[in-house]
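The sequence and the structure are shown first.

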Amino acid sequence: MKKIIKPNFEFIFSVALIAILGLPPLVMAKAYKNIDSRSAIIPPVDLKKDQDMLKQTSEAIRAGFAHGDITAIMSYHHPDVVKALNYTSYSNGREAVKADLLKTLNIYNLEFSKNKVESLLINGDTAVEQTLFTIKGTPKSGGEPFVFEGRAMIIYIRYKESPTGWATIREIIQPATK
């Protein structure tokens, strides 16, 4: 009887190479067969509820600004929050954000006169909001009010200590240019 395949070095090397390169994808494909490979986005459990809670979060923060209520504002900020309010202003952590906010609210009354959400992406426990805003600031010592316009990108995460279950973790402001 003739052997069709001779188990020489080339044959053994070829079989080993096929096993090394071919088996992991095959095994992984079987293990993840129920995952939709077209999308890496994790759908939220209840999209409408999450949208409502994020809207309430944003409204509560703006109301806190209007009333000068730092405690209310900070209750919607994660302890590891980072904010870049302009090119030279960078606050790292809730205490740094609070200190900066205290300085501002001691000098000005602030009111959001516009807050238009351009886009909102909710991906599992993270949400990214892009918003156009206008803030009217009135000096507490008198003087002319100012208007500040810009675009904000705010990243929220689920946070059980926030009244709505969502808290800001990152924010970056892009001032409007005229």
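## Aromatic cluster

Ring pairs link F65, F112, F133 and F148 into a cluster; rings of Phe, Tyr and Trp (its six-membered ring) pair if their centres lie within 6.5 Å. The model is predicted: local features need pLDDT of at least 70 and side-chain atom pairs count only at pLDDT 80 or more, whereas totals for chains, interfaces and linings use all residues. Residues are numbered from 1 along each chain as its sequence is written, and side-chain values use heavy atoms, with hydrogens and water left out.

A pair of aromatic rings is described by the distance of the centres and the angle of the planes. Across the whole structure, the search finds four aromatic pairs. One of these joins F133 and F148, a tilted pair with 5.7 Å from centre to centre and 40° between the planes; planes under 30 degrees apart count as stacked, over 60 as edge-to-face and the rest as tilted. This pair links distant parts of the chain, F133 lying in strand β4 and F148 in strand β5, 15 residues apart. Relative accessibility is 5% for F133, which therefore counts as buried. For F148 the value is 30%, so this residue counts as partly exposed. Buried means under 20% relative accessible area, exposed over 50%, and partly exposed in between (1.4 Å probe, protein chains only).

## Overall architecture

The chain contains four helices and six strands. Helices (H or I, at least four residues) and strands (E, at least two) are DSSP runs, numbered from the N terminus. Read from the N terminus on, the elements follow the order α-α-α-β-β-α-β-β-β-β.

Of the 178 residues in the chain, 27% are buried. Among contacts with a separation of 6 or more, 52% involve residues 24 or more positions apart; contact means heavy atoms within 4.5 Å.

## Sheet and strand pairing

The six strands form an open sheet with mixed pairing, in the order β2-β1-β6-β5-β4-β3. Its edge strands are β2 (89-92) and β3, each of which pairs on one side only. Neighbouring strands of the sheet are turned by 15° against each other on average, direction ignored; axes are lines fitted to C-alpha atoms, for helices over the stretch in contact, and angles run from 0 to 180 degrees between N-to-C directions. Two strands pair if DSSP finds at least two bridges between them.

Strands β3 (residues 108-123) and β4 (residues 126-139) run antiparallel and are joined by 14 bridges, with K116 standing opposite L132 in β4. Two residues lie between the strands of this hairpin, in which G124 takes a positive phi near 65°. Strand β4 also pairs with β5 (residues 146-158) in the antiparallel sense, over twelve bridges. F133 has G150 in β5 as its bridge partner. The hairpin of β4 and β5 has six residues between the strands, and G142 in the turn has a positive phi of about 95°. Nine bridges join β5 to the antiparallel strand β6 (residues 166-175), where A167 is the bridge partner of I157.

## Helices on the sheet

Helix α2 (residues 47-67) packs on the sheet and touches β1 (77-86), β3, β4, β5 and β6; its direction makes about 165° with that of β3. Helix α4 (residues 94-107) also packs on the sheet, touching β1, β2, β3 and β4, and its direction makes about 55° with that of β1.

K98 is found in helix α4. At 32% relative accessibility, K98 counts as partly exposed. Not counting residues up to four places away in sequence, K98 touches I70 and M74. The C-alpha atoms of K98 and I70 are separated by 7.4 Å, although the two residues are 28 residues apart along the chain.

## Largest pocket

The largest pocket has a volume of about 740 Å³. On a 1 Å grid over the protein atoms alone, a pocket is an open set of points where a 1.4 Å probe fits, with protein on both sides within 12 Å along at least five of seven lines; lining residues have an atom within 4 Å of a point. Grid points are joined across faces, edges and corners, and the volume is the space filled by probe spheres set on the points.

Of the 31 lining residues, F65, L85, F112, I135 and E171 are the closest to the centre of the largest pocket. Strand β5 gives the most to this lining, with five residues.
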